[in-house]
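User: I am new to this structure and would like to learn how to read a few of its features. Could we go through them in turn?

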Amino acid sequence: MQYHSFLIKYAEIGTKGKNRYMFEDALVKQIRYALRDVDGRFEVSKESGRIYVKAEGEYDYDDTVEALKRVFGIADICPMVQIDDKDYENLKQHVRDYMDQVYPDKNITFKVDARRGDKQYPVTSDQINRDLGEVILEAFPQMKVDVHHPDVLLHVEVRQKINLFSVKIPGPGGMPVGTNGKAMLLLSGGIDSPVAGYMIAKRGVKIDAVYFHAPPYTSDRAKQKVVDLANLVARYAGPIMLHVVNFTDIQLYIYDKCPHEELTIIMRRYMMRIAQTIAEQNGAIALITGESIGQVASQTVQSLAATNEVCTMPVFRPVIGFDKQEIVDVSEKIGTFETSIQPFEDCCTIFVAKHPVTKPNINVIHSSERKLEEKIEQMVETALETTEKILCEG
């Protein structure tokens, strides 16, 4: 059967009060954005607790569903038949046609679930259930009624029009992007940070990203890998402005002036400082990292406390309690894993110490950073001024 309309169901948005319309409007906006590159033209509209997507003419069904499955805020995607003529006999004929076309194998059980949103409609919900059940049984004697565990639950919604649907395709859930502020993702070429960005975007947060590049120690291929990852995350999160910071001079200066076992921590602290400055300049009010407790030396509780000290804005770490396999599972689900494991080095791995400190003493770190005072502020300023911006739209 060729569906031409979809009912979009949401979950969390339904718990909102008087400002629910704002979340609905944001969801409509994100749906339109997601469908922009799908073959076909679509009308996206809302009506008292319902959001509809209607194809205007020919379109690619599979691509449409895949695009909708990446829109945060959608709980279910329901391909449906929408009936303009609410004549009762016309409805019965549509139900016959629907069950015949959607279920060629008639050896199934079913239940009709009618909801009469239009209280002016002359037939009650219970009567609709009984009448349409009778229509189906007369047309297809092989089908049986099962009110407890049916193979097919046929929904009949009587509203301004009548909606028929029985298929529910799970959406990603969450909240529409842009409804919960903006944050800046520290994006590397690894597995963890793209997953972290995806998870925070799922909560309705608009994200941009910062990548620390260290040429010639990191190649253009490494940079392109990060751009590719940003584009993959943007399929879910919407457009991401990627800020590429040239970090080479700062890393070399730290390498020259500071104890090597403290390199990772001190470099990380300057990354956080720079990321916060870029966030403040671009209207973001939090940072996002892909850190997981104990995964590497810079992610022990003591190391995280040391890097956190330089930030005044919140730092979101959504995978903090995940083990590596759990992070990999999400990366495979969202399509970033294969790109993340490409063998192109990033600036962190190039300058890693053989024996990094795992329990840094913050006073010792402060003492080491004082050795940088002669040039570091100017170097940070230069890095900020020469930052490259790349718009990643998925």
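User: Which residue forms a salt bridge with E12?

Analyst: A salt bridge is a side-chain nitrogen of Lys or Arg within 4 Å of a carboxyl oxygen of Asp or Glu. In this predicted model, the partner of E12 is R203, with the closest N and O atoms 2.9 Å apart.

User: How many salt bridges does the count come to by this rule?

Analyst: The count comes to 22 salt bridges. Another of them pairs K161 with D84, where the closest N and O atoms are 3.2 Å apart. This pair links distant parts of the chain, 77 residues apart. K161 sits in the loop between β7 (152-158) and β8 (162-165), and D84 in the loop between β4 (76-83) and α3 (88-102).

User: Which domains does the assignment give, and how far apart do their C-alpha centres lie?

Analyst: The domain assignment gives domain 1 (3-168) and domain 2 (180-390). Their C-alpha centres lie 44 Å apart.

User: How do I read the interface between domain 1 and domain 2?

Analyst: The size of an interface is often given as the accessible area lost when the parts come together. Here domain 1 and domain 2 bury about 700 Å² between them, and 59% of that is on carbon and sulfur atoms. In domain 1, the residues that lose the most area to domain 2 are Y33, R70 and F72, which together make up 79% of what that side buries. In terms of contacts, four residues of domain 1 meet eight residues of domain 2. The count of salt bridges between the two domains is one.

User: How many cavities of 30 Å³ or more does a search of the whole structure find?

Analyst: Rolling a probe the size of a water molecule over the atoms shows where empty space is left. The search finds one cavity of 30 Å³ or more. About 60 Å³ of space lies in the largest cavity.

User: Which residues line the largest cavity?

Analyst: The lining consists of Q30, Y33, A34, R70, V71, F72, A234, R235, Y236 and G238. By type they divide into six nonpolar, two polar and two charged. Both α1 (20-34) and α6 supply at least two lining residues each. Domain 1 and domain 2 each contribute at least three residues to this lining.

User: Where is the cis peptide bond?

Analyst: The cis peptide bond joins P215 and P216, and omega is about 0°. P216 is found in the loop between β11 (206-213) and α6 (220-237).

Definitions and conventions
Residues are numbered from 1 along each chain as its sequence is written. This is a predicted model: local features need pLDDT of at least 70, side-chain atom pairs count only at pLDDT 80 or more; totals for chains, interfaces and linings use all residues. Side-chain values use heavy atoms; hydrogens and water are left out. Helices (H or I, at least four residues) and strands (E, at least two) are DSSP runs, numbered from the N terminus. On a 1 Å grid over the protein atoms alone, a cavity is a set of points where a 1.4 Å probe fits but cannot get out, and a pocket is an open set with protein on both sides within 12 Å along at least five of seven lines; lining residues have an atom within 4 Å of a point. Grid points are joined across faces, edges and corners, and a volume is the space filled by probe spheres set on the points. Ala, Val, Leu, Ile, Met, Phe, Trp, Tyr, Cys and Pro count as nonpolar, Asp, Glu, Lys and Arg as charged, and the others, Gly among them, as polar. Domain bounds come from an automatic or database domain assignment. Contact means heavy atoms within 4.5 Å. Buried area is the accessible area (1.4 Å probe) that two parts lose on being put together, summed over both.
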